[in-house]
Structures are given as structure tokens and as C-alpha cells.
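Colleague: Please take a close look at the strand pairing in this model. I would like one connected account.

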Amino acid sequence: MEEIWNEDGGLSEDFATSFGKWVARNSGDLDEVTDSKIVCEFDDIGVTLGVYEETGRKEFRLRTLREEIDLRMVTKYKLGSERLVLQTGRGSRRFVFDVPEEEWTVKKRSV
């Protein structure tokens, strides 16, 4: 897995570029991109994803019409052609989003 954040605490250029390409490849739209925040929408399935730094916390948020999921301390990522995987620094939480299947899971384990 690759690092989401750079040494200065902002989004790494590699993550921002790869994530933007992944969103476009999967028919999503980037809504907001800054040094510390990236938000995208998949309107056809009603999902909004965001990775951001807020008051020192590295966070991820998934929002749908019926659900909202927040994960703190998200530091690593892996992108497949249609799948996004995010993980916390110690590996205790893992989020997987599969666009064509319109499915997401959050797995947790004790560390």
C-alpha cells in the first residue's frame, strides 16, 4: 500500500494524481481538490467520498443518501482499476469500495 499523506501533512501528489485518474476512469467527478482535501462524487450511484486533514487528523468520509461512514487516521491506499482500498496506519481498519458492484465494506481487527 502507498502513503496518502506527504511529509508536510498534506495530500501526496502521487495520491492526488492517482485518485483523480481513478475517479475519472470510474465515471465520477472531482468536486474539490486542495493540499489537504480531495472530494469526489459518483452521482449515478449516489456516493460522495472525501479524504481530508482536519485539525491534525487524517480522515476519510463516505456519504450516501442513507449512510455516513467516517474513518480517522487513514494513511495508506491502494487503487485497482475499479476498487479503492484505504487503511489506517496500524492496519486496524480497512475500507474497500468497488464502484461497479456499488459495494463498500469496512473491516476492523484488534491491534
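Modeller: Two strands count as paired if DSSP finds at least two bridges between them. The model is predicted. Take strand E9, residues 93-98, against E10: the two pair in the antiparallel sense over six bridges. Within that pairing, Arg94 stands opposite Lys107 in E10.

Now widen the view. E9 and E10 belong to an open sheet of five strands, in the order E1-E7-E8-E9-E10, and the pairing is antiparallel. E1 (2-3) and E10 (103-108) are the edge strands; each has a single partner strand, so one side of each lacks a neighbour in the sheet. In general, strands of a sheet pair through backbone hydrogen bonds, either parallel or antiparallel.

A helix covers part of this sheet. Helix H1, residues 13-25, lies across E1, E7 (74-79), E8 (83-88) and E9. H1 runs at about 45° to E7.

Strand E4 spans residues 47-54 and strand E5 spans residues 57-63. Seven bridges hold E4 and E5 in antiparallel pairing. One of the paired positions is Glu53, whose bridge partner in E5 is Lys58. The hairpin of E4 and E5 has two residues between the strands, and Thr55 takes a positive phi near 45° there.

E5 also pairs with strand E6, residues 68-72: five bridges join them, and they run antiparallel. Here Leu62 has Ile69 in E6 as its bridge partner. E5 and E6 form a hairpin too, with four residues between them.

Methods: Residues numbered from 1 in each chain as written. Predicted model: local features only at pLDDT ≥ 70, side-chain atom pairs only at ≥ 80, totals over all residues. Heavy atoms only, no water. Contact = heavy atoms within 4.5 Å. Axes fitted to C-alpha atoms, helices over the stretch in contact; angles between N-to-C directions.
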